[in-house]
Amino acid sequence: MKVVFFGTPQFAVPTLEKLLNNPDIEVLAVVTQPDKRRERGNKLTPSPVKTLANAHNLPVWQPEKVKKDGETLNQLQQLDADAFVVVAYGQILSKKILNMPKLGCINVHGSILPQYRGAAPIQWCIYNGEKETGITTMLMDVGMDTGDMLLKANTPIGLLENAQVLADKLAVIGADLLLETLLKWERQEITPIPQDDSLANYASLIQKEDYSLDWSKSAIKLHNQIRGFYPNCVTTFRNQPLKITATVPLKRAYIQELPEQLRDKIHNLPDLSTVSTQPGEVVNIAKGIGAIVQTGEGLLWLREVQPTGKRLQSGWDFVNGTRLTIGEVMGNW
């Protein structure tokens with residue numbers, strides 16, 4: 001089967017690798033986003049997909065707007081591909097492009113459709129406290145993730161899994177599912193299933209305000225926000241921004257879901273159930289653990305943080321480095 005691969009970030013790399021390593025698949029070319037300038041050195045940096053494609057000497061095309069780039073459109077048409085595979089490419093494909101390959105354009109989407117259509121399904125899934133997610137392969141149409149579904153694969157979401165960890169896991173699942181989809185679709189062993197639009201919701205792009213922590217929220221909601229929008233959620237500490245990158249909600253129902261090592265640490269904490277202070281206030285500093293903060297409902301252990309201009313550090317190292325004291329208050333950013 002001859003395919004063209006559309007993809008950009010690390011999430012797409014395992015799928016391209018899977019295709020390149022399969023003797024029944026020939027990757028004709030790769031379409032990816034233009035190189036971007038990174039903060040350090042302001043140098044143009046290729047996408048992870050381009051880096052892999054270059055390592056395999058594949059043709060790589062990087063149009064600013066693929067649906068309006070005449071040269072790329074002509075090249076795609078001339079390839080006469082069986083299928084286009086799309087994994088987190090980052091641009092909308094026109095009807096003209098969708099109609100080019102014989103078997104259609106097949107997308108690997110990071111949710112169980114029709115739930116979480118859109119640009120950030122993994123992040124919003126965690127933010128909303130979902131216990132399970134997965135991958136859906138679908139036939140693309142001109143809508144936003146509205147095409148007929150082909151195959152699905154589910155996976156649980158652990159209490160401590162953040163968006164990066166879950167994305168890495170889903171990328172591997174998606175690679176396997178895509179290969180299975182392609183081979184079965186070619187053999188006409190899959191019946192496409194239309195999506196029920198009434199069950200759909202939209203996972204929009206993350207905005208800067210989504211990173212701001214409001215301590216009047218419950219501990220579990222803050223925890224889900226921090227891991228869902230990892231590593232960018234921010235509060236204030238001593239009038240300076242402070243990123244919170246890992247937490248643990250200190251409630252019995254959640255503690256049972258933790259690894260044994262963490263459960264043992266928390267088991268030795270004093271009983272703080274009667275503590276009632278203002279949201280954001282540090283109510284306890286546990287040796288070897290770190291700061292425990294009051295929220296609008298429940299307590300939150302700050303397990304990992306990143307002060308401005310410094311590296312990530314454990315909650316306990318943060319306490320020691322700042323000489324944090326009980327009664328200090330984290331502010332809303």
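I began with lysine 102 and aspartate 82, whose side chains meet in a salt bridge at 3.8 Å, N to O. My criterion for a salt bridge is a side-chain nitrogen of Lys or Arg within 4 Å of a carboxyl oxygen of Asp or Glu. Lysine 102 sits in the loop between helix H4 (95-98) and S7, and aspartate 82 in the loop between helix H3 (70-79) and strand S6 (83-87), so the pair ties together parts 20 residues apart in sequence. Helices (H or I, at least four residues) and strands (E, at least two) are DSSP runs, numbered from the N terminus.

The model is predicted: local features need pLDDT of at least 70, side-chain atom pairs count only at pLDDT 80 or more, and totals for chains, interfaces and linings use all residues. Residues are numbered from 1 along each chain as its sequence is written, and side-chain values use heavy atoms, with hydrogens and water left out.

Next I checked accessibility (buried is under 20% relative accessible area, exposed over 50%, partly exposed in between; 1.4 Å probe, protein chains only). Lysine 102 is exposed at 53%. Aspartate 82 is buried at 18%.

I then looked up arginine 117, which forms a salt bridge with aspartate 197, the closest N and O atoms being 2.7 Å apart. Arginine 117 lies in strand S8 (residues 117-118) and aspartate 197 in the loop between H6 and strand S11 (202-203), so this pair ties together parts 80 residues apart in sequence. Arginine 117 is buried at 10%, and aspartate 197 is exposed at 52%.

Last, I noted the total: ten salt bridges.
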